[in-house]
Amino acid sequence: MSKPVISEYRYHGTGETDTENRVIDILSIQALIDSAVDAGEKDFCKKHDFAFYGSGWQSWGFGGELDPGCFQKRYIPVVPQWKQYFSIPGVQKKIVRRKKLLQGSFFIYLRWNNGGKNTWLCIASVGNVHTQKDGQKPLPPVNFFVDRKRREIVCTACTDGKRWEADELMAQIAVFSAADFFTLRDTTRNLFAEDRNARFGSLAFLNTRADSTLIRTGGWESWYNHYADINHTLIEGDLQALGTTENLIKTELLDANAPCVFQVDDGWEIALGDWDARTDRFPGGMKALSQSIADKGYIPGLWMAPFAVDWRSETARAHRDWILRGNDGKPIAAGMNLLWGARFGREQPSLPYSYFCLDLSRDDVIAHLDALMEKAVNEWGFRYLKLDFLFAGLLAGAHANGGAAYEWYDKAVRTLTRRTRNNRGEPVAYLGCGMPFESSFNAFPLSRIGPDTKEAWDIGWMKRAQYEARPSAFASLQSTLGHAFWDNAVYINDPDVVFLRYQNISLNDKEKLLIALVNFLFASQLMHSDDPVHFDAEKEGAFTQKVRALYRQFDGVEFGLENLNSTSYRIFSRDGAYAGCINLGEKPVTVTKATLCKSKEKSLAAVLEYAQETADSYIFEPHSISMYALA
């Protein structure tokens, strides 16, 4: 392995304003191998292709590995507005318009497998980790475009609209290598969270691990059962039943007197942009609802999308000048949602069902956001705020006060999250979702790290359209596993919810176990959304106890992984006590016993097995996790 070497990039011109993303550097992969890779592996790495990992620019993007020789699939734009969810904002230089470029943001790695010996070559943008400790200006988010054929990496920054000053710092890029997963995680942790308390200490009041410096948070949310169709009666019913039925949250958190979030999701608000309670759904208002949650011993949680706005909302009607526009003067669509935009006509200035984003360069918009959070935290009493669709704040446009989007985004998220305690002195936490990873680093130590999950394995038509930000159990799992080395290192990883129910779901028990264990072993937020009112004491109760028994067996055990291919993984514990396999693919995967446990001598005792054993191999079923104790 190698220690991280950080290169600094400064502006050496005489002052100019960027009209497109700026190329920071072009790195030679061969030169990086020479400088960072162990001597014994240099020759192999130079002569062979690599698996590629590149995180999306925001948290819904693809976050897994691509096999050697493979490239990211191009989205078939059946819904054009959805390209905003994964396309890097701003105008790209011609150099990154080459065909078949691998693309990643913030942190990428190349991985070679030489007969079972792995080499990770990591490249990360760390400017916003180190500079803002000292109160310096935010740096632009950096993107990486990898050319397999030319063996080079083009590094660009989202700087559209940025006016540079002489010798101004543009970026800091770190390069290091690792020979095993735990070295990869430990080096990443030292790079991004050397002082773990400074990085994650604000979340300590949520920590369900009372005796650990590692943080795990958890609770219940309304989304994945009710979705946006919620009201006072439904939420109060869930609130009453959550602590009285033997569901996962009661048995795992409440019975242990652990901190527990109760989150009210989308559907409570008048409209996207009008952040007050719908009186037909919540006649008592949000303050009474928050108090009811707190009275039951939960930490009151609330979903909001502060940068997004429906053109039909009263906020948008009263402040058309608050909407971000392009150079042509037209409002910029942030995305598409059937509930958040008119189909056509005077109430829809873009494509059908589009919603829009606020211009964060305006002082009155920042004041509006600050007043919104004051209301949610200190008037209503919510202490866990899930702030969603944050990517809208980093979209490039003709900002009223000029400048680059990343500068205004930084100011806005600092405004949103500045209340770390409420007026009663109680701590407040924020979860970032749909958020630009790099530009959100300092404001959101707790982050969603993949697309939304789903109570179904996948959505066929979205998969066929090659839409990487689609909500599905598969897409969520792939990104959760891809970002596993970030957990308690870059972010406290939120993988989305686990499902244990038997109604309103198409996942089978094998798939539900897979989700429950991946979220527990490879991330650090355990959220649940099943209906506690209609809890099935017999079937759901028995399945809950099966999951909890596995949680107890693996509690405190640190797990790592290596990709066998883009959808299957060898998993193992740091202490050498366990090994196993995860298969997210549609076909069985065959793994030799020697590969599984890195030894021909050790015997394997099944803890959880969805596999057929042969003479010297295991054949693992699709959509499964299998685990073995090693002796």
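In strand β32, M627 is the bridge partner of G580. The structure is a predicted model, in which local features require pLDDT of at least 70 and side-chain atom pairs count only at pLDDT 80 or more, while totals for chains, interfaces and linings use all residues. Residues are numbered from 1 along each chain as its sequence is written, and side-chain values use heavy atoms, with hydrogens and water left out.

Strand β32 covers residues 624–630. Its pairing with strand β27 (residues 578–583) is antiparallel and extends over 6 bridges; two strands are taken to pair if DSSP finds at least two bridges between them. Strand β32 also pairs in the antiparallel sense with strand β29 (residues 604–608), over 4 bridges, and here A606 stands opposite Y628. Strand β32 is mostly covered, with 6 of its 7 residues buried. Buried denotes under 20% relative accessible area, exposed over 50%, and partly exposed the range in between (1.4 Å probe, protein chains only).

I108 counts as buried because its relative accessibility is 0%. When neighbours within four places in sequence are left aside, I108 is in contact with F52, Y53, G54, L121, C122, I123, F144, V146 and I153, contact meaning heavy atoms within 4.5 Å. Between I108 and E558 the C-alpha to C-alpha distance is 23 Å, and the two residues are 450 apart in sequence.

For the protein as a whole, 17 helices and 32 strands were assigned. These are DSSP runs numbered from the N terminus, helices being H or I of at least four residues and strands E of at least two. The C-alpha trace spans about 70 × 70 × 45 Å along its principal axes.

Of the 631 residues, 62% count as buried. Among contacts between residues at least 6 apart in sequence, 73% join residues at least 24 apart. The accessible surface comes to about 23600 Å², and 49% of this belongs to carbon and sulfur atoms; areas were computed by the Shrake-Rupley method with a 1.4 Å probe, and for residues only the protein chains shown count as cover.
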